[in-house]
Amino acid sequence: MQTFFFLSLILSAVFVTGHAFSETPQQALNHYVAFLNQSVSEVTSRLQQIQAYHADMVAYQSSGRIPPRTPLSGTLEGYYYEKALHTDGLTNAEEQRLKTGAQALWQLLNRIDQSVKTLETYNKLKDYERDDFKQANTLIINLKDQFDQFSQDKNTLYKQIQRIYHRYQPYRPENAYLYTEKEMEQVLVSQQQVFDTLRYYLNEASPSNWPVEFIQQSVLADEKALTNFGQGKAHVEYPASDMIGTFRTALQNIQTLKRQAVDNYTFAARKSAQHSNEFYQSFLNHYNNDLLSWYQQFVKYSVSAKQLLDYPKFAPVFAIDAPQVAVQQARSAQPFRDVPPANFTVKPADAPASTATFQALTAYIDFINESLRQLNKLQVLIRNYQSSAEYYRDPTRNGRRSNLTYSHEEYKVPLSEHQLLTMMSQHIPQPYRASINGQADVLLAMLKEMDALSIELIAYTADKQYEQDHLKRSDAILDRYAYLFDTFDQKKERLYTDVRRVHESYPARQPSDSWNVAGKALLDVMDENKAILFGVRDYLMHKSATLPAVDKLRADARTLLVNEHQNLNGLKRLGRSNGLCPYSPYEDIADQSIKLADMAARSSGQSYDSFYYAYNELVRQYNKFSELAKEGLLKTINEPTFFTFQRYAPVASSSIASAKPTERNPISKAQPAPATSAQRSQPENVTPPILNGKTVVQHDTVYVERNKVDTVYVNQSGRQEVAPSLKGFAPNNMVLLLDVSASMDSPYKLPLLKKSIKSLLTLLRSEDQISVVIYSGKARVALKPTSGNQANEIAQAIDQLQSDGDTDGNGGIRLAYKLADKHYIRAGNNRIVLATDGEFPVSDDTYQLVRDASGQDVFLTIFTFGRKEINSQQLKKLAQLGKGTYTHITPENASQQLILEAQAKKLP
């Protein structure tokens, strides 16, 4: 009893003398991490001010019109700092060490804040008019050093926090919470290593040596981490267990961001720091506000079982200029190394393919399809260049024309897709793997050579070499492109065939499952469609004297509809507007196969484009069905448009008959350009196409011509009459701002939007220009301003639109106005047409932008889509501020509304 009394006295004394144990060490340490995170938020806010001010400063120095602005920085938040200093769960020595670090960091944060406020005062007083921004530049340089110091001091303080944490909580891998904590921490550290190679560069104009190889290595490292990530989840209680899955998803999102950035690091992107800055900001946002937030939620929900340590946000840093990059001299593109594919015999597998094997095979299909998408862009660019180059063949007339130019900014080598398939191919047995990997390597090498040829063309035209060699090198490059396009098509077909052979060697898990039964029936019909497409192509290329028979395709497509309920037995019908319904792609494949058969049967007057677009729409529907399938149904590949670019022999026009035709010199004599490509119509004043010294006679039944848009009708019965002409109306600078988020995947939305746009294309004049900005996740330019006489290119850009991702309406509006302003037409109809299927949060800055722009003759019209009319007050307010119309698009008015917008302003 006496012993118990003395123990009670001792415990009471401890409690009274300061509550020494009212907090655990982990709680005390997390107060310091909270202070670090608040400090990072303050620094990030200040960086945004610096970025905006520097951009305004540069613009003012170049134009002298709009004075720079400095948003108010506000006051620093001291709550988390004070709370960290007054923790009581640590020893005196530990507290003193952490307090010293926190106080130093707080003082540095105050110096940063004071520097920014000094910049604000300097700008308010307009002292830049006196010293030409000398003091502003000095302040920004000092802030750069302070940001660097802050990042270093923050990391140092956190390492001290970690050391104390591990003293109280040693790592034990058998504990699922500690195991998962370390697993997540390794991922966070891996991302920080990427950040250490990056900076935000205020002067975007300077070239940037973005660490593309390091980013690729990071992708591989994170992919390996994802393979075994989350093994401790089964032993973690809910809701902490759910945070493991969301953390994994956030890492996958970062993987997608990195892969896109690798592919987007093109020749054009290397010329400035814009690509580097865009990646830096997106990566920072994904890390701090997505990946790290789920880790913090895991720590929060684990507290009842295990008290863990929080992790701090990454503190951004910046530089004025990017490091100087050594300028590489343009050189001739080296021919790709052609390695014949290794033959292999397929042996039936004993068991169904694993998920990893199926995903690996799918990666090859995705690589081929992305390659073809990029190839199509390049073919359009090369076709247009070829047409322009012919006018520069006569050296005596070059001085009367503007310079010959070429660029290929939209073309991207799909490095990330190839990297992914290479990494995943470990799940494919040898010798299959060796053969198909070798084929994929050759395709990538061809794509890289095409890129190098375009880079050479850029230097060739910029240096006006065509004036010295009379387009000799240009002809050689175009010959090489003709060979590469044709050869790539043959090789990708072989790769697809081999990948499919491997896939079909594995038995289905449940052969009688409706997904398998319907999938096999659809694939058989897809094969017949492909045979029809190839038959039409062979006819147009004079390889066949007759068009293909279509009776079997028509009959089998009808059988699909007859057997629909039997084939899809047990699968739930969700409705046409539901993107998860398997009935929609199934029925569309059947219906569109019949239409393609009918097109081939009455092919007179049809262009090859009609077949090309129809077939690739079938591919899209089949791949959608494959993605929905619960079984491993392999996707299929698109087909290129063979008539986008055809090489014709350079021949002098009637007006320059004295100029001798340039001899054609293929780059590689071992691989001459094929002489079997169909010929396209020539530029004005150029003689008809010549093939092997003979004028090509085209079939009467099929006319191959790309200077039109198929199936566009303006005035239809029962609809409001709209003048089918733009004669008498002002030239259009029209920016189509299109919502292509996942919610637009409905027959009443994206297809109707495409129809509305195409209704305008046949009316466009050369003085009209159309741009396309899309917003899904991140706003981007899908089509740069394109003249109305290139309606086929606009149509292709529209046809390639697919609904996917989230909505970033404000970012899209800002980008659209930037584009409209840059290409403003005086006295023209400068108009942005926003097409969306629903509301999105509209910021005050966006409202102000729309209001200001309408006062400068850049107007905003809003089209809404969906089964029901959208009564959005925000969108109506935007249209009102933009002095435009607000219209709901239906099947009845889709063909006329965009025409009315193009007729909004008459010529004076």
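Helices α11 and α13 cross in a left-handed manner. The model described here is predicted.

**Helices α11 and α13**

- Two packed helices are described by the angle between their axes and the distance between the axes.
- The axes of α11 (residues 355-389) and α13 (residues 432-462) come within 12 Å of each other and cross at roughly 25 degrees.
- Because angles under 35 degrees count as roughly parallel, α11 is roughly parallel to α13.
- On the α11 side, the contact is made by Tyr364, Phe367, Ser371, Leu375, Leu378, Ile382 and Tyr385.
- On the α13 side, the contact residues include Ile436, Asn437, Ala440, Leu443, Met450 and Tyr460.
- The residues of this contact comprise 14 nonpolar and 4 polar ones, with no charged residue.

- Strand β8 (residues 829-836) is mostly covered, as 8 of its 8 residues are buried.
- Asn829, Arg831, Val833 and Ala835 point one way from β8, while Asn830, Ile832, Leu834 and Thr836 point the other way.
- Strand β5 (residues 732-739) pairs with β8 in the parallel sense over 7 bridges; Asn733 has Asn830 as its bridge partner in β8.
- Strand β9 (residues 859-864) also runs parallel to β8 and is joined to it by 6 bridges; the bridge partner of Ile832 in β9 is Leu860.

**Residue Gln790**

- Gln790 lies in the loop between β7 (778-787) and α22 (791-799).
- Gln790 has a relative accessible area of 26% and is therefore partly exposed.
- Gln790 and Thr762 are 28 residues apart along the chain, and their C-alpha atoms are separated by 10.0 Å.

Technical notes. Residues are numbered from 1 along each chain as its sequence is written. This is a predicted model: local features need pLDDT of at least 70, side-chain atom pairs count only at pLDDT 80 or more; totals for chains, interfaces and linings use all residues. Side-chain values use heavy atoms; hydrogens and water are left out. Helices (H or I, at least four residues) and strands (E, at least two) are DSSP runs, numbered from the N terminus. Buried means under 20% relative accessible area, exposed over 50%, partly exposed in between (1.4 Å probe, protein chains only). Axes are lines fitted to C-alpha atoms, for helices over the stretch in contact, and angles run from 0 to 180 degrees between N-to-C directions. Angles under 35 degrees count as roughly parallel, over 145 as roughly antiparallel, 65 to 115 as roughly perpendicular and the rest as oblique. A crossing is left-handed if the near helix is turned anticlockwise from the far one by less than a right angle, and right-handed if clockwise. Contact means heavy atoms within 4.5 Å. Ala, Val, Leu, Ile, Met, Phe, Trp, Tyr, Cys and Pro count as nonpolar, Asp, Glu, Lys and Arg as charged, and the others, Gly among them, as polar. Two strands pair if DSSP finds at least two bridges between them.
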